[in-house]
Every structure is written in structure tokens, then in C-alpha cells.
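Hi,

Here's the structure I said I'd pass on.

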Amino acid sequence: MARVYVSSVIEAPANDVWQRVRDFNGLPRWHPRIADSRIEDALPPDQVGCIRSFRLQNGDQIRERLLGLSDYDLFCTYSILDSPMQLENYIATLRLTPVTDGDRCFIEWTAEFDCDVDVEADLVSGIANDVFQTGFDALKRHFAR
């Protein structure tokens with residue numbers, strides 16, 4: 001099983017960052033690699049079980065199911081249902097933790113998935129850098145304003 005872990009600190013209160021990222025359909029508003037997104041079957045974007053279908057800037061389509069969301073614990077967990085990536089059983093969690101020294105936010109994004117060993121290093125690197133870190137960098141820019 002492949003694992004990805006990326007973490008960072010954002011110079012903003014955790015609740016402010018959470019309000020930006022908690023909308024399961026809101027990726028295009030904060031992640032620069034996402035072109036558009038919609039929730040299937042017109043379900044609320046915070047309903048566990050809802051499915052988001054989104055298009056990347058390069059045209060690739062991905063479908064993901066919301067598995068868990070907590071406004072109290074500041075996390076969301078989701079799985080990939082359909083993707084052009086050569087992986088299976090993908091489960092990821094985006095989690096925020098308040099840093100009380102300076103009212104900052106510790107943010108971490110983790111994923112585990114199965115894949116062939118010959119593509120594992122590329123997938124782990126791509127997800128870590130092109131998805132997770134790119135998202136964190138965009139959040140840092142937004143909250144630096």
C-alpha cells in the first residue's frame with residue numbers, strides 16, 4: 001500500500017481555513033489545478049456519501065465520494081471512485097489543527113492507495129507535490145493577503 005503525507009502551517013486561524021476548504025464541491029475556489037466541480041444528484045456538498053465530479057485544468061475527470069466530514073474536528077475524508085491515475089482503494093483525509101501560538105493552522109493531507117510497484121513512486125510524488133502541496137501553497141497565498 002502506498003502512502004502520501006504532506007503537512008504545512010498556514011498563517012491564519014484554523015476556523016478561517018476550514019471555512020475555505022470544507023465545501024466538498026469548492027475545490028475550484030481554492031485549488032489552482034481544479035477547473036470545475038459539481039455534486040452529483042444535487043445532494044448537499046457536506047452530506048456524507050455525496051459524490052463530486054470535477055475536471056482538472058488539463059481536462060482529466062475525477063469522481064470522489066465524501067466518507068466523513070467534521071466541523072468539530074476539522075477534517076474531511078474521501079475516496080476516489082474514478083480517475084485516470086493507475087490506482088485503487090484510494091482514501092484521503094484533509095485535516096486542520098489549530099496552532100494556538102500565533103493563531104495559526106497546522107494542515108495535513110494524507111492518502112493511502114494500492115497501485116503497481118512500477119508506478120508507485122511517480123504517483124506518490126505527483127499526489128504529494130501537484131495536489132497536496134499545490135493546494136497548501138494556494139491557501140497560503142490566499143491567507144497572506
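S5 and strand S6 (residues 88–99) pair in the antiparallel sense, with five bridges between them; strands here are DSSP E runs of at least two residues, numbered from the N terminus, and a pair needs at least two DSSP bridges between the strands. The two form a hairpin, with five residues separating S5 from S6. Across that pairing, Cys76 sits opposite Leu94 in S6.

Before going on, a word on the source: this is a predicted model, where local features need pLDDT of at least 70 and side-chain atom pairs count only at pLDDT 80 or more, while totals for chains, interfaces and linings use all residues. Residues are numbered from 1 along each chain as its sequence is written, and side-chain values use heavy atoms, leaving out hydrogens and water.

S5 also has strand S4 (residues 61–70) as an antiparallel partner, joined to it by seven bridges. One of the pairs there is Arg65 with Ser79 in S5. The S4–S5 hairpin has four residues between its strands, and Leu74 in it takes a positive phi near 55°.

How enclosed is S5 (residues 75–82)? Six of its eight residues are buried, so the strand is largely enclosed by the rest of the structure. Buried means under 20% relative accessible area (1.4 Å probe, protein chains only).

Last one: Ser53, in strand S3 (residues 51–56). Ser53 counts as buried because its relative accessibility is 11%. Leaving aside residues up to four places away in sequence, Ser53 touches Asp36, Ser37, Arg38, Glu40, Gln61, Ile62 and Arg63, a contact being heavy atoms within 4.5 Å.

Cheers

Terms used. Buried means under 20% relative accessible area, exposed over 50%, partly exposed in between (1.4 Å probe, protein chains only).
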